[in-house]
Amino acid sequence: MNSIEKELNLQDYLRIIIKRRNIIIVFFVVTFITVFIGTLKTTPLYTATAKLMIERNASEPLKEYRYNLPQDPEFLETQFQIITSANVSKKVVEILKLTETYDQYFDTKKSFIKQSLASVKQYIKNIKESLSKSDHLKQAEPLSQADIIAEEISESVEVKPVRNSRIVSLSFSSPNPIFSSIVANTFAKAYKETILEMRMSSENMTREWMGKKADEERAKLEKSEKILQDYLKSKDMITIENKAGLVPERLGDLNSQLTKAENKENEIKAVYDKVKQLGISGAESIPDIINDTTYKALKEDIIKAEQNMMELSNKFGDKHPSMIKAQADLKILTDRKNEEVRRGIKTIENNYEIAKSQVESIKASLNETKVEATELNEKYIQYNILKRDVETNRQLYDALITKMKEKQITEQSQGVEIFVVDSAKTPEKQSKPNFIKNMLLAIVLGLFGGTGIAFFIEYLDDTIKTSEDTETQTGIPVLGSILQNMDKNQKTEGITFSDPSSQISEGYKTVRASLLLSHADSPPKTILVTSMSPDEGKTTTAYNLSISLALTGKKVIIIDADLRRPTIHKIGNLVNNEGASVYLSGTSELFGIQQGPVDGLDIMTSGPVPPNPSELLGSQRFRKLLTFMAQKYDYVIIDSPPLLAVSDTLIISKEVEGTIVIARSGKTKYEALIKGVKRFADINAKLLGIVVNCVDIKIHKYDYYASGYYYYGSGNEKSDSES
């Protein structure tokens with residue numbers, strides 16, 4: 001069955017505090033006494049505080065302005081570490097000569113410095129003794145008295161920034177107020193001197209380093225300049241920069257000339273190839289030939305000679321001298337024309353060879369220029385490397401020289417500016433211990449710590465507490481709550497008869513009423529009373545419930561079915577020779593019923609403890625016994641063993657009309673109770689409800705009186721006992 005969580009209200013918190021009040025009181029008392037004694041035993045300390053303003057110097061001496069840097073936590077923290085450093089502490093010891101004068105400020109017998117010296121000396125002595133036993137270890141160098149005092153006062157210094165300001169407080173605490181103020185002021189002075197020394201040491205080292213570095217850079221510069229000059233001479237590169245500009249221009253011109261020459265060569269080659277293909281007869285169709293002036297003149301003369309021959313042929317015959325002469329003239333002209341054609345062809349051929357020669361010549365010049373450009377480029381690259389090396393060395397050297405001159409001007413400026421705003425005054429009141437503050441802290445710590453522990457223990461406590469919580473967590477109705485018996489002299493067993501007006505008796509009456517009202521028409525007659533574990537009050541509840549039912553005029557019998565650890569015969573001071581085990585085993589047909597403390601109540605004891613209780617309770621004879629008793633009595637109350645211990649209870653629960661579970665407040669755990677309820681549900685046993693037993697009225701009074709729980713009469717509440 002799932003548990004249902006409930007929100008805690010103010011009364012629940014108050015209940016927990018009342019319940020765990022002893023824990024809260026013990027923790028509070030121990031805390032208060034511890035703080036009280038510790039405060040009284042603490043040596044009073046007096047704190048003197050000086051106020052400083054520590055700022056980073058953001059001014060530039062070579063510039064005309066100053067500016068403030070934003071606050072830097074790392075800068076301040078660095079200064080705090082310097083103030084509390086060993087160097088500053090040693091300087092304080094030197095300034096005040098504490099190795100000689102500290103006896104003026106402290107009791108020499110009880111001086112905290114002397115105590116520290118003694119403890120440190122003893123520690124050094126132990127180290128020496130341990131080291132002397134090992135041959136391979138060197139002897140530890142003992143600390144001087146000044147070192148010991150410096151370490152001691154360094155631990156008593158406190159430095160912290162003042163909120164929302166640029167002020168820093170420097171505090172020193174000691175048992176002597178005068179000593180505190182003197183040391184606080186001396187710490188400020190020693191801190192300023194330490195910063196100045198650090199600055200001067202740093203500047204000296206920087207100047208020395210920069211001078212040495214400048215000499216090195218000057219030597220590098222001179223060496224690189226000489227290398228560059230030697231390179232220029234060896235490579236004949238005095239005018240290298242001019243050459244570097246002319247060679248690319250020449251390459252461009254040669255490339256342009258080569259393109260034109262190749263184009264011309266291709267044109268002439270095309271004519272030349274055509275002439276070779278056509279021969280002399282076809283060459284007269286070549287434009288370069290036919291456009292020749294001589295060729296044109298000869299062509300015209302030939303045409304005229306041919307016209308002349310035609311005219312003469314019409315007049316004269318072929319043998320006529322005029323015709324012969326005309327033919328001879330024509331032949332001469334034709335031969336001259338052919339000769340001119342051959343000359344033109346030769347000219348074309350010569351032009352082609354010249355064009356080829358020009359292309360080759362330009363290519364040769366271009367290749368030479370490329371080689372020259374490559375060589376020049378390589379020289380120029382090396383020249384640039386050497387030149388860049390010279391320029392770099394010159395820049396470094398110039399920068400160092402400039403920085404050194406700047407340092408000479410600014411070396412008097414300080415990187416950290418320190419101003420004493422307020423000097424430490426002699427304190428009039430002790431700062432530690434603060435008695436009122438410590439006592440208030442002890443009260444708060446004791447109350448809240450004790451309450452926290454109480455709530456933590458309550459959180460770990462998984463036991464049932466009140467009827468309301470039990471019903472909420474299990475979902476099973478609670479028939480009533482039985483208060484814890486606070487009177488050791490009064491027995492809870494039979495209290496409904498011996499003290500019927502007590503609070504506890506009223507609780508059993510409430511259980512009786514809830515039981516009778518659970519089935520108004522026909523309340524259950526056979527009722528099993530059990531618990532999850534031993535010592536939860538099941539037998540006492542069964543006994544008092546039987547008496548309470550009998551007092552209403554009903555016939556009631558209580559059967560002790562706990563055949564393993566029977567108890568009812570002890571409560572009623574009865575003999576246990578006969579009873580349930582004897583009857584169930586078949587040894588006797590007698591029930592062994594005895595008279596109870598009130599009229600109408602009979603008791604059937606368990607009888608001797610049998611070897612097989614489960615078999616007897618599961619027998620037909622047990623069912624026969626219940627049937628008979630239900631016919632004879634109005635109510636049959638059965639006390640059984642705890643449910644989670646043995647299986648006897650589950651066997652009985654199957655045979656009765658209802659079962660009551662007893663859960664003890666502060667003892668029975670919810671986990672066990674829920675587990676037991678589930679077991680009953682698994683076998684379909686009828687569960688009438690739960691009775692919460694031994695409820696502490698002092699702890700849970702709000703759960704009862706505030707909700708209308710009242711009683712008439714009162715019982716004695718002087719002691720505590722189980723029920």
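**Close-up views of a predicted model**

**Figure 1. Residues around the second largest pocket.** In this predicted model, the second largest pocket has a lining of 24 residues, and those nearest its centre are Asp535, Lys538, Thr539, Arg565 and Thr567. The volume of this pocket is about 500 Å³. Sorted by class, its lining consists of 10 charged, 7 polar and 7 nonpolar residues. Two helices, H17 (538-550) and H18 (568-571), each contribute at least two residues to the lining. Helix H17 provides the largest share, with 3 residues.

**Figure 2. Strand S9 and its two partners.** Strand S9 comprises residues 601-604. Strand S7 (residues 556-560) pairs with S9 in the parallel sense, over 4 bridges. Within this pairing, valine 556 has leucine 601 of S9 as its bridge partner. Strand S8 (residues 593-595) pairs with S9 in the antiparallel sense, over 3 bridges.

Figure 3. Are the faces of strand S9 covered or open? Both are covered: Leu601 and Ile603 are buried on one side, and Asp602 and Met604 are buried on the other. Strands S8 and S9 form a hairpin, with 5 residues between them. In the turn of this hairpin, glycine 600 has a positive phi of about 90°.

Figure 4. Proline 433 is found in the loop between strand S4 (416-422) and helix H13 (435-460). Why does proline 433 count as buried? Its relative accessibility is 12%, and a residue is termed buried when this value is under 20%. Leaving aside residues up to four places away in sequence, proline 433 touches Thr39, Thr42, Thr43, Pro44 and Asn438. The C-alpha atom of proline 433 is separated by 8.4 Å from that of leucine 40, although these two residues are 393 residues apart along the chain.

**Figure 5. The whole chain, as context for the close-up views.** The protein chain contains 24 helices and 12 strands. Of its 723 residues, 41% count as buried. Among contacts between residues at least 6 apart in sequence, 81% join residues at least 24 apart. The chain exposes about 41,100 Å², of which carbon and sulfur atoms supply 53%.

Technical notes. Residues are numbered from 1 along each chain as its sequence is written. This is a predicted model: local features need pLDDT of at least 70, side-chain atom pairs count only at pLDDT 80 or more; totals for chains, interfaces and linings use all residues. Side-chain values use heavy atoms; hydrogens and water are left out. Buried means under 20% relative accessible area, exposed over 50%, partly exposed in between (1.4 Å probe, protein chains only). Contact means heavy atoms within 4.5 Å. Accessible areas come from the Shrake-Rupley method with a 1.4 Å probe; for residues, only the protein chains shown count as cover. Two strands pair if DSSP finds at least two bridges between them. On a 1 Å grid over the protein atoms alone, a cavity is a set of points where a 1.4 Å probe fits but cannot get out, and a pocket is an open set with protein on both sides within 12 Å along at least five of seven lines; lining residues have an atom within 4 Å of a point. Grid points are joined across faces, edges and corners, and a volume is the space filled by probe spheres set on the points. Ala, Val, Leu, Ile, Met, Phe, Trp, Tyr, Cys and Pro count as nonpolar, Asp, Glu, Lys and Arg as charged, and the others, Gly among them, as polar.
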